[in-house]
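Dear colleague,

Please find below the structure that I am handing over to you, shown together with its sequence. My notes on what was found follow directly after it.

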Amino acid sequence: MHIEDAIRSRRAVKVYDPDFRLSREEKDELLQLALLAPSAFNLQHVRFVEVSDPALREQIREQAWGQAQVTDAAMLVVVCAQLDSWEKNVGRVWQGAPQ
């Protein structure tokens, strides 16, 4: 797919079938693919946390302004980022850069 087609056809999905289930293998594959996403300076400053506990998903939904997709989607992943990674890993950021 060309980038223009991807941009023109993108959609925000807001409604999910709460009865649809992904297998453990499918979830693991999705997480593995997410880990392949590039990051600036290859800092890899994000971690993915799958939330499968229904009670915890309800609590997260409350904090997410009641958005149904938090509890209805087959998989919920919280992305946690170390926002100061560029500062804490400054040596890695500039390693190999010309003076």
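Glu50 counts as partly exposed, because its relative accessibility is 22%. Please bear in mind that this is a predicted model. Glu50 forms a salt bridge with Arg24, and the closest N and O atoms of this pair are 2.7 Å apart. The two residues belong to distant parts of the chain: Glu50 is in strand β1 and Arg24 in helix α2, 26 residues apart.

Glu50 also meets the side chain of Lys27 in a salt bridge, at 3.2 Å from N to O. Since Lys27 lies in helix α2 and Glu50 in strand β1, this pair ties together parts that are 23 residues apart in sequence. Lys27 counts as buried, because its relative accessibility of 14% falls under the 20% cut-off.

A further salt bridge joins Asp28 to Arg24, with 3.1 Å between the closest N and O atoms. Here both partners are in helix α2, four residues apart, so that about one helical turn separates them. Asp28 is partly exposed, at a relative accessible area of 37%, and Arg24 is likewise partly exposed, at 40% relative accessibility.

Taken together, Arg24, Lys27, Asp28 and Glu50 are linked in a network of salt bridges. In the whole structure, the search finds four salt bridges.

I would next draw your attention to the surface. Leu30, Leu33 and Leu36 form a nonpolar patch there, and together they have about 320 Å² of accessible area. Of these residues, Leu36 is found in the loop between α2 (24–35) and β1 (46–51). Leu36 counts as exposed, because its relative accessibility is 66% and the exposed class begins over 50%.

Finally, a word on helix α3, which spans residues 54–63 and includes Pro54. Is Pro54 buried or exposed? Pro54 is exposed, because its relative accessible area is 61%. Between Pro54 and Asp72 the distance in space is 9.8 Å, C-alpha to C-alpha, while in sequence they are 18 residues apart.

The nonpolar patch of Leu30, Leu33 and Leu36 on the surface may then be viewed separately.

With kind regards

Definitions and conventions
Residues numbered from 1 in each chain as written. Predicted model: local features only at pLDDT ≥ 70, side-chain atom pairs only at ≥ 80, totals over all residues. Heavy atoms only, no water. Patch = residues over 30% accessible without salt bridge, like charges linked within 9 Å, V, L, I, M, F, W, Y side chains within 5 Å. Areas by Shrake-Rupley, 256 points an atom, 1.4 Å probe, with all protein chains shown as cover. Buried < 20%, exposed > 50% of the residue type's maximum accessible area, 1.4 Å probe, protein only.
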